[in-house]
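Subject: Handing over the structure

Hello,

Here is the structure I promised to pass on to you. Please open it alongside this email, and then read on for what turned up.

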Amino acid sequence: MSFSDVDLRMMAEALRLAERGRYSTSPNPRVGCVICRDGQLISQGWHQRAGEGHAEVNALAQLSDAKGATAYVTLEPCSHQGRTPPCADTLINAGVSRVVVAMEDPNPLVAGRGITRLREAGIHVDVGLMAVQAEALNPGFMRRMRGGLPWLRLKSASSIDGRTAMASGESQWITGPEARVDVQKLRAQSCAILSGVETILHDDAALTVRADSFSIEDVSAQALDGQWRQPLRVIVDSSLRTPPTAKLLAGGGEVLIATRVTDIAKHKALMAAGAKIVVIEDDGGGKVSLPALMRYLADRGCNEVLLEAGAVLAGAALRAGLVDDWFVYMAPCLMGSSGRPLVDWPMTAMQEQQAVDIIDIRAVGKDWRIQCRVPKAQHNGLEQA
């Protein structure tokens, strides 16, 4: 199927609009829509947050007459009644004559039904324009719909000699302020921030998005009504050692503690402090099963999860084949051979080495950010997007 220059230009604009929902649409996908007539853009819209108008609805709301127009949408219009009416019906009722869809929606509730409904109503539908770019906008949503897992990003900070903390556990601050601001952006686009109890015990980390520490273009779009969405904060705490006085329990927002402790009496103090306790199945060694926890978070609607943890939990996630992207912030300093390593993953022979694909390296202040993609072959059989 060939697409015109107008088609390419309009879909590129729809993708740009979809990007504006990067920090606010969870658990829904980021979607953009533009409407044109005679090659001219006449309206546009994007999905801002769950429970509110979808991209198609927001674009049509700006028009008094869409009859005969063409709509460009980055994801197949929904065909089911959720918190909002089906977008396919909205486009049909508006009288558009053509719809160009970047990609089909992998959500089983849609999965081609929206496209079928449009065609049955006599609307010409073309599918597949800039599908790769559309998929890249929503890696977590795609992964969750297809494989029942969220997209997991691992964030690490190290010295140039690969140390994340001194032998004493002291680690603040390895990287500079610009790198820490960059991490805030990773947090802000995540549905959940995952860490381990050791991070809470050593650093008393709040794990919140500190919106006043950086600015993003079109802040009104990212922080709707002036309120930044705080991701769910999840602590892996197999033995339930999180203190009820921990900083992350004092700042509001939802905190989930994943544990193996089943004694309800031992849950009470943390629950009184505001935490929700969930008992996750054993990994075979008395610890919380990370794959089971990832499936639990996916069932809760988490598309993208950011793991900020020490070497032990980071290594466990890598060994379990759960990490998709790995962001390593490397500071221009040495911390010595007695410092703590980047990950806890004992290896004894070169044949055990695990390759990663470096997809981006850039300077962030005085530090370097290395973005790695963990190859699919190393995901130990877990279904991948």
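A word on exposure comes first: a residue is called buried under 20% relative accessible area, exposed over 50%, and partly exposed in between, using a 1.4 Å probe and protein chains only. This is a predicted model, in which local features need pLDDT of at least 70 and side-chain atom pairs count only at pLDDT 80 or more, while totals for chains, interfaces and linings use all residues. Residues are numbered from 1 along each chain as its sequence is written, and side-chain values use heavy atoms, with hydrogens and water left out.

Let me start with the sheet. Helices (H or I, at least four residues) and strands (E, at least two) are DSSP runs numbered from the N terminus, and two strands pair if DSSP finds at least two bridges between them. An open sheet is built from 9 strands, in the order E11-E10-E9-E8-E12-E6-E13-E16-E15, with mixed pairing. Its edge strands are E11 (275-279) and E15 (357-364), each of which pairs on one side only. From one strand to the next, the twist averages 20 degrees; for such angles, axes are lines fitted to C-alpha atoms, for helices over the stretch in contact, and the angles run from 0 to 180 degrees between N-to-C directions.

Since 5 of its 5 residues are buried, E8 is largely enclosed by the rest of the structure. In a regular strand the side chains alternate between the two faces of the sheet. In E8, Ala192, Leu194 and Gly196 point one way, Ile193 and Ser195 point the other way, and all are buried. E8 runs parallel to strand E9 (residues 232-236), and 5 bridges join the two; Ile193 has Arg233 of E9 as its bridge partner. E8 also pairs with E12 in the parallel sense, over 3 bridges, and here Ala192 stands opposite Val305.

Elsewhere in the sheet, strands E13 (residues 325-331) and E16 (residues 367-373) pair in the antiparallel sense over 6 bridges. Asp325 has Arg373 in E16 as its bridge partner.

Now for some helices. Helix H10 (residues 264-272) lies across strand E10 (255-259) and E11, running at about 150 degrees to E11. Helix H6 (residues 139-147) is mostly covered, with 7 of its 9 residues buried. These buried residues are Pro139, Gly140, Phe141, Met142, Arg143, Arg144 and Met145. They pack against helix H5 (131-137), strand E6 (151-159), helix H11 (290-299) and strand E12 (304-308), where contact means heavy atoms within 4.5 Å. After H6 comes Gly148, which has a positive phi near 75 degrees. In helix H12 (residues 311-319), the buried residues include Ala311, Leu313 and Ala314. Just after H12, Gly321 has a positive phi of about 70 degrees.

Next come the charged side chains. A salt bridge here is a side-chain nitrogen of Lys or Arg within 4 Å of a carboxyl oxygen of Asp or Glu, and the whole structure holds 19 of them.

- Glu19 pairs with Arg22, with the closest N and O atoms 2.4 Å apart. Glu19 is partly exposed at 33% relative accessible area, whereas Arg22 counts as buried at 17%.
- Arg117 forms a salt bridge with Asp89, with 3.0 Å between the closest N and O atoms. Arg117 lies in helix H4 (residues 113-120) and Asp89 in helix H3 (residues 87-94), so the pair ties together parts that are 28 residues apart in sequence. Both ends are partly exposed, Arg117 at 30% and Asp89 at 27%.
- Arg362 meets Asp360 at 2.8 Å, N to O. Arg362 is partly exposed at 43%, but Asp360 counts as buried at 19%. Asp182, Asp360, Arg362 and Arg369 are linked in a network of salt bridges.

What lies over the face of Trp173? It is Arg180, at 4.4 Å from the ring centre; a charge sits over a ring if NZ of Lys or CZ of Arg is within 6 Å of the ring centre and within 35 degrees of the ring normal.

Enjoy exploring!

Best wishes
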